[in-house]
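Subject: Model handover

Hi,

Here is the model for you to look over. My notes follow below it.

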Amino acid sequence: MEEVWKDLSLSSLHQEDNNMLANSADFFAKYCHTNPPAKHSQPEPQPAEEFDRSNAERRKNRMMKNRESAARSRARKQAYTNELEKEVDKLHAENTMLRRQNEELKKSLEDQIRGVTKQILQRTLTAPF
């Protein structure tokens with residue numbers, strides 16, 4: 001913004017109106033980076049090479065962002081898969097341990113039932129008849 005005010009001076013404000021209009025057009029062209037509009041002229045088309053370069057640059061940037069996004073997605077998927085594999089291994093180990101405990105409890109219960117059955121169903125040879 002200071003560039004704009006630096007070029008203004010009191011002498012430039014006291015010039016004739018016609019000259020002022022020409023200077024203002026040049027002034028705005030200088031700081032707005034555009035040429036003053038010509039009367040009854042068509043806007044100059046952008047060269048095809050420049051257009052192709054800007055498209056190619058945008059396409060290149062988009063492809064780079066897409067590659068980075070895909071790499072992040074693959075890393076997230078790999079981390080998720082690794083966590084699931086760890087959980088599966090943990091659950092298999094827990095399942096094996098619980099099956100072993102279940103078998104031991106069944107055997108213990110069967111032994112207790114046999115012991116009680118043996119005591120109840122015993123016959124004696126000494127009968128009073």
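Which helix holds both R114 and E110, and how many residues apart are they? Both lie in helix α4, which spans residues 48-120. They sit four residues apart, about one turn of the helix.

One thing before the details: this is a predicted model.

**Salt bridges**

The count is two salt bridges. R114 takes part in one with E110. There the closest N and O atoms are 3.9 Å apart. The cut-off is 4 Å.

D111 forms a salt bridge with R114 too. In that pair the closest N and O atoms are 3.3 Å apart. D111 and R114 also lie in helix α4. Their spacing is three residues, again about one turn of the helix.

Put together, E110, D111 and R114 are linked in a network of salt bridges. As background, side chains of opposite charge can pair when their charged atoms come close.

**Exposure of the three residues**

Are these residues buried, exposed or partly exposed? R114 is partly exposed, with a relative accessible area of 46%. E110 is partly exposed as well, at 41%. D111 comes out at 48%, so it is partly exposed. The class applies because partly exposed runs between the buried limit, under 20%, and the exposed limit, over 50%.

**Overall make-up**

The protein has four helices and zero strands. From the N terminus on, the order of elements is α-α-α-α. The protein has 129 residues, and 2% of them count as buried. Its accessible surface comes to about 13,100 Å². Carbon and sulfur atoms account for 55% of that surface.

**Confidence**

Where is confidence lowest, and where is it highest? The lowest is helix α2, residues 10-13, at a mean of 50. The highest is α4, at 91. Over residues 13-18 the pLDDT is below 50. Beyond near neighbours in sequence, that stretch has two contacts in the model.

For the protein, the mean pLDDT is 76. A value of 70 or more is reached by 53% of the residues.

**In short**

The salt-bridge network joins E110, D111 and R114.

Best wishes

Terms used: Residues numbered from 1 in each chain as written. Predicted model: local features only at pLDDT ≥ 70, side-chain atom pairs only at ≥ 80, totals over all residues. Heavy atoms only, no water. Salt bridge = Lys/Arg side-chain N within 4 Å of Asp/Glu carboxyl O. Helix = DSSP H or I, 4+ residues; strand = E, 2+ residues; numbered from the N terminus. Buried < 20%, exposed > 50% of the residue type's maximum accessible area, 1.4 Å probe, protein only. Areas by Shrake-Rupley, 256 points an atom, 1.4 Å probe, with all protein chains shown as cover. pLDDT = per-residue confidence, 0-100. Contact = heavy atoms within 4.5 Å.
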